[in-house]
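Please open the model in your viewer and keep the selection panel at hand.

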Amino acid sequence: MRELFDEVAGQSPVDPQEAVRRGTRTPQRKRFYASAGVAETDGGFSITLDGRPIKTPSGKIVIAPQREIAEAIAAEWQAQREIIDPLTMPLTRFANSVVEAEADRVDVVADDIAKYLGSDLLFYRAGHPEGLVARETAHWDPIVFWAAQTLGAHFMLAEGIVHVRQPDSAIAAARAAFPDDPWSIAALHVVTTLTGSALLALALTHGVREPDQIWAAAHVDEDWNIETWGIDEEVAARRAARLVDFQAATRILRALRP
């Protein structure tokens, strides 16, 4: 089981595209267990295969903070058929990443998320055409206004791609709204890297927007180009792969939201 879990869980959710590339190189493994389940334990809930808890490559037992999360991970294992497909197990990959690498470095992960606040997607606006400008305004302004009014984070907007230095006070105010538990901060990081926006991720974390609204806001420019020039199959495939990890991170955030 350890070897298999190394392959499944060693794919960090922080870079889902790399996870997909690694997964395609992973030898296929046959299902070796009859059933997956959940067991209550110290600190949360473990995920079991025929009664034995799954572990990270270093031997740490994977313990989810909520039963809902543990059951969702167990469901991924239960859904596997004759051959186990790691690419259909985003929550398993996520759990391994948290337990193995991120549980003891919440501040480091938060620092990485905060870097996005210096050049967030939502701060750089198109000057034309009018339709794209209007669409960015509709999707992005409510999030920027929420950050200012609710978090006290007053960011500056710019037209084009010339870098604008954001006020340290705004970045600090937004960072103060980050969650401080390993699972939530890891999920926030995943959403940030997938959308290119820490503000969108933060709005999702605080329930300001629904997941589909956040996903749409992250792809305003891309969708505009698709409507104008048509869709590229390779781009669509990458986007579909990112969506799987986005949905997994969203599930974690919802389960842990106060």
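Start with two helices: α5 passes α8 in a left-handed crossing, left-handed meaning that the near helix is turned anticlockwise from the far one by less than a right angle, and right-handed that it is turned clockwise. Helices here are DSSP runs of H or I with at least four residues, strands are E runs of at least two, and both are numbered from the N terminus.

Before selecting anything, note that this is a predicted model, in which local features need pLDDT of at least 70 and side-chain atom pairs count only at pLDDT 80 or more, while totals for chains, interfaces and linings use all residues. Residues are numbered from 1 along each chain as its sequence is written, and side-chain values use heavy atoms, with hydrogens and water left out.

**Stop 1: α5 and α8**

Select residues 106–116 for α5 and 182–195 for α8; their axes come within 10 Å and cross at roughly 25°. Axes are lines fitted to C-alpha atoms, for helices over the stretch in contact, and angles run from 0 to 180 degrees between N-to-C directions. The pair is therefore roughly parallel, a label for angles under 35 degrees, with over 145 counted as roughly antiparallel, 65 to 115 as roughly perpendicular and the rest as oblique.

Now show side chains. On α5, pick Val106, Val109, Ala110, Asp112, Ile113 and Tyr116; they meet Pro182, Ile185, Leu188, His189, Thr192 and Thr193 of α8, where contact means heavy atoms within 4.5 Å. Coloured by class, this contact has eight nonpolar, three polar and one charged residues. Nonpolar covers Ala, Val, Leu, Ile, Met, Phe, Trp, Tyr, Cys and Pro, charged covers Asp, Glu, Lys and Arg, and the others, Gly among them, are polar.

**Stop 2: α11 and α12**

Next, select residues 220–229 (α11) and 233–256 (α12), whose axes come within 13 Å and cross at roughly 150°. α11 and α12 are therefore roughly antiparallel, and their crossing is left-handed. Glu222, Asp223 and Ile226 of α11 make the contact with Val235, Arg239 and Arg242 of α12. Four of these residues are charged, two are nonpolar and none is polar.

**Stop 3: α3 and α12**

Look for Glu68, Ile69 and Ala72 on α3 against Arg251, Ile252, Ala255 and Leu256 on α12.

**Zooming out**

Finally, show everything: the protein has 12 helices and eight strands.
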